[in-house]
Amino acid sequence: VAPAVDAESGRARPRVDKELAARVRGESETALSDHDAKRLLKAYGARVTRQAPTNTPTGAVKLAKQIGVPCVVAVGADERVADSIADVERLAALLLADAPSIMIRERFAEVPRVRVKIAPEKGLGATMRVGAACALLPLTRADALALAAATPARRAADQRAVAELLAKVAACAADEEAALDLEVFVGAEPCVLGATGELRRR
């Protein structure tokens with residue numbers, strides 16, 4: 001569902017799961033892990049990778065069956081691709097030998113991807129950067145479309161979908177006063193693949 005657009009300002013306004021956003025904010029200090037940043041983005045309707053933590057190989061297998069294979073089995077920056085359920089169980093046992101929990105995550109193609117950064121800039125306020133392209137927050141629909149055009153997404157339908165995703169990400173960052181650093185898949189069905197962030201203390 002496309003975000004609603006404020007007729008007066010032209011700014012996109014997604015529906016927000018205020019309960020989830022408040023829960024993430026309450027559970028987080030200022031730094032946002034990948035999982036917490038994605039939960040916050042999801043509260044604003046942004047498509048993020050399907051993922052969940054587990055602390056057993058059996059739990060990893062159950063999650064992989066829900067998410068689908070191939071999938072990624074990760075602990076911190078150590079990410080491994082599992083092409084089968086047997087791989088998930090083997091990798092989970094291997095990684096859990098040295099870690100209390102692992103993450104089972106949906107897998108996407110390596111390209112096309114883009115980095116998106118949202119941060120305050122001196123004299124400008126909060127900005128969203130996509131490569132060399134930049135726009136002030138909150139984004140207008142035209143801003144989101146211009147930023148999407150700066151991504152490797154080439155089909156018009158993909159660019160529109162990327163623009164919708166960027167509008168939701170921008171609304172989250174503006175409302176939650178968050179700086180975000182994202183890796184975004186910009187092919188069919190755009191999705192936030194990786195995320196870190198920092199919340200401003202309220």
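This is a predicted model: local features need pLDDT of at least 70, side-chain atom pairs count only at pLDDT 80 or more; totals for chains, interfaces and linings use all residues.
Residues are numbered from 1 along each chain as its sequence is written, and side-chain values use heavy atoms, with hydrogens and water left out. Helices (H or I, at least four residues) and strands (E, at least two) are DSSP runs, numbered from the N terminus.

**The sheet**
- Four strands form an open sheet in the order β4-β7-β5-β6 with antiparallel pairing, where two strands pair if DSSP finds at least two bridges between them.
- Because β4 and β6 (78-82) stand at the edges with a single partner strand each, one side of each is left without a neighbour in the sheet.
- Neighbouring strands of this sheet are turned by 25° against each other on average, direction ignored.
- Five bridges join β5 and β6 in the antiparallel sense, and alanine 74 stands opposite glutamate 79 in β6.

**Helices on the sheet**
- Helix α2 (residues 34-43) packs on the sheet, touching β4 and β7 (contact means heavy atoms within 4.5 Å), and its direction makes about 140° with that of β4.
- Helix α4 lies across β4, β5, β6 and β7, running at about 160° to β6; axes are lines fitted to C-alpha atoms, for helices over the stretch in contact, and angles run from 0 to 180 degrees between N-to-C directions.

**Helix α3**
- The buried residues (under 20% relative accessible area, 1.4 Å probe, protein chains only) of α3 (residues 57-67) are Gly59, Ala60, Val61, Leu63, Ala64 and Ile67.
- Their cover includes β4 (51-54), β5 (71-75), α4 (85-96) and β7 (102-106).
- Glycine 68, whose phi is positive, near 105°, follows α3.

Definitions and conventions:
Buried means under 20% relative accessible area, exposed over 50%, partly exposed in between (1.4 Å probe, protein chains only).
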